[in-house]
Amino acid sequence: MLELLLALLSLIIWSSLIIYFFREPIFRWLDNRFGKDTPPPTLDEGEAEQMDQAFSDSFMGKHAPSEQRKDT
């Protein structure tokens, strides 16, 4: 029983030492993994118009199913 208690105590001490010395990288990883995301910067009028044009061309513009040739 004493051996089990000593093994458990040594695991607790080792894990606390590791957490103490590597707490900054651990906390940065936890914040990156579970933290709140930062929102992207807002687009100005020209960039927003350019993005709207790019998405409308690719999803509904040139490749729309209604514009495909039907004689083939």
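These legends accompany close-up views of a predicted model.

View 1. From the N terminus on, the elements run α-α-α. The protein has 72 residues, and 3% of them count as buried. Its accessible surface comes to about 7500 Å². Carbon and sulfur atoms hold 65% of that surface.

View 2. The protein averages a pLDDT of 80. A score of at least 70 is reached by 75% of the residues. Where pLDDT is low, the predicted coordinates should not be read in detail.

**View 3. Helix α2 spans residues 23-34.** This helix has twelve residues. From its first C-alpha to its last it reaches 16 Å. That is close to the 16 Å expected at 1.5 Å a residue. The number of buried residues in α2 is zero, so the helix lies largely in the open.

**View 4. Tyr-20 meets both a ring and a charge.** A search of the whole structure finds two aromatic pairs. One of them joins Tyr-20 and Phe-21. Their ring centres lie 5.3 Å apart, and the planes make an angle of 75°. The pair is edge-to-face. Phe-21 counts as exposed because its relative accessibility is 60%, and the cut-off for exposed is over 50%. The charged end of Arg-23 sits over the ring of Tyr-20. It lies 4.6 Å from the ring centre.

**View 5. Trp-29 and Phe-34 form an aromatic pair.** The ring centres of Trp-29 and Phe-34 are 6.3 Å apart. Their planes stand at 85°, so this pair is edge-to-face; the cut-off for that class is over 60 degrees. Phe-34 has a relative accessible area of 61%, so this residue is exposed.

Terms used:
Residues numbered from 1 in each chain as written. Predicted model: local features only at pLDDT ≥ 70, side-chain atom pairs only at ≥ 80, totals over all residues. Heavy atoms only, no water. pLDDT = per-residue confidence, 0-100. Phe/Tyr/Trp six-rings, centres within 6.5 Å; stacked < 30°, edge-to-face > 60°. Buried < 20%, exposed > 50% of the residue type's maximum accessible area, 1.4 Å probe, protein only. Lys NZ or Arg CZ within 6 Å of the ring centre and 35° of its normal. Helix = DSSP H or I, 4+ residues; strand = E, 2+ residues; numbered from the N terminus. Areas by Shrake-Rupley, 256 points an atom, 1.4 Å probe, with all protein chains shown as cover. Expected span 1.5 Å × (residues − 1).
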